[in-house]
Amino acid sequence: MKPFDAVVVGAGLAGLQCALELLRRGRRVLLVDRKECPSQVVHTTGILVRRTLEDFAFPPDLLGPVVRHVTLHSPSGRTLELESPHEEFRVGDMGRIYQRMLDEAFSLGIEWLPSTHFVRSETVAWESGDAVSRVHLETAGRPVIAMTRFLVGADGAASRVAVDLGLSRNESWIVGVEQILSGVPLEGPPRFHCFLDPRLAPGYIAWLVHDGREVHLGVGGYPSKFRPEVALNQFRDRVGELFDFSGARIEEVRGGRIPVGGVLPRIASERGLLVGDAAGAVSPLTAGGLDGAMRLSRFAAEMLVTSIDEGISPERLYSGEAFRARFISRLWMRRLLAALDSTHALDAGFSLARLPGLRRIAWHLFFGRGSFPDAPARREVLSRQSI
């Protein structure tokens, strides 16, 4: 039997998207994941921004109502109201979206190994003389071997595939925890509430998104500066003054690491590449990773197909450095946000943001279309690699 064109480790949004893009291009793919099914444990909030919704097709029946309103809350309780004429946010039912993507992958002939752990890989010579990777996996304590042209790491912020391939690893992240609640009544239109308060969320935000269907209540921040579960309980008590949680039911609790150092410098080698959180494909400023997962995975699949067809190493086609140049301003803003750990400083900044000129900046931050950078042209990537 021929080796797989790609073994994709991780069946989150990035891994599923990359696998689907390869399958649609007629490639043989093995998808493996530690979970029994992709919907078993979901880490992301599922908040999809306008640019993602416009550029990628998500099942309409798995998307919540449109959210156009944002309310910013300062540490002292002042508010700033923002409204967009566009369909800015929708909350996706990510577990069912993952399952729907896997179902499509089955229809395209994917090989699927659930409840499977990645162990290691090494380069070996195939019968044809070509070099391939022998991937060691473990399923229910039983060793499994797969041969592949390329290995794709879609296995999260602390990627084992990144270590195996000798690629860059995330070193800067925040941690977040979120409750998904039902039974919370909504007054007014669906709304995204964003709380800036370093006592609750040092270096990031606390949030409440209510789309009329369910509530996403969460906090995030630097792990060295707060205890997420304690902060979440404090936050819920605080917003209990704004919402009636008396009939609330916790449907799900999510949490995990969120890399905020930008796309990593080296995300590809001769044997494979990284996508999603493993590649640092998350906005350093907003910590949004869904758009990056979709865009980088699509680009990764295109580059793998080119590698197979033209014999060019993925390392020459898929450069993290080419993306990092487009993250400079966001990385600096991330450093600024990390430095603003004073409630007085944030309140002062909040007062300035209410001025007409600076209010426009706040509007652009939430409603602008500059999410994850578009993929660099192949010519640009090859040029950077030749320097």
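## About the model

This is a predicted model, where local features need pLDDT of at least 70, side-chain atom pairs count only at pLDDT 80 or more, and totals for chains, interfaces and linings use all residues. Residues are numbered from 1 along each chain as its sequence is written, and side-chain values use heavy atoms, leaving out hydrogens and water.

## Arginine 254

Let's start in strand β15 (residues 249-259), which is where you'll find arginine 254. Helices (H or I, at least four residues) and strands (E, at least two) are DSSP runs, numbered from the N terminus. With a relative accessible area of 8%, arginine 254 is buried (under 20% relative accessible area, using a 1.4 Å probe and protein chains only).

What does its side chain meet? A polar atom of the arginine 254 side chain sits 2.6 Å from the backbone oxygen of threonine 44.

## Helices α1 and α3

Now for helix α1 (residues 13-24) and helix α3 (residues 94-107): their axes come within 10 Å and cross at roughly 20°. Axes are lines fitted to C-alpha atoms, for helices over the stretch in contact (heavy atoms within 4.5 Å), and angles run from 0 to 180 degrees between N-to-C directions. So α1 and α3 are roughly parallel, a label for angles under 35 degrees.

On the α1 side, the contact includes Leu13 and Leu16, and on the α3 side it includes Met94 and Tyr98.

Key: Buried < 20%, exposed > 50% of the residue type's maximum accessible area, 1.4 Å probe, protein only. Polar contact = N/O pair within 3.5 Å; in protein donor to acceptor, adjacent residues only side chain to side chain. Parallel < 35°, antiparallel > 145°, perpendicular 65-115°, else oblique.
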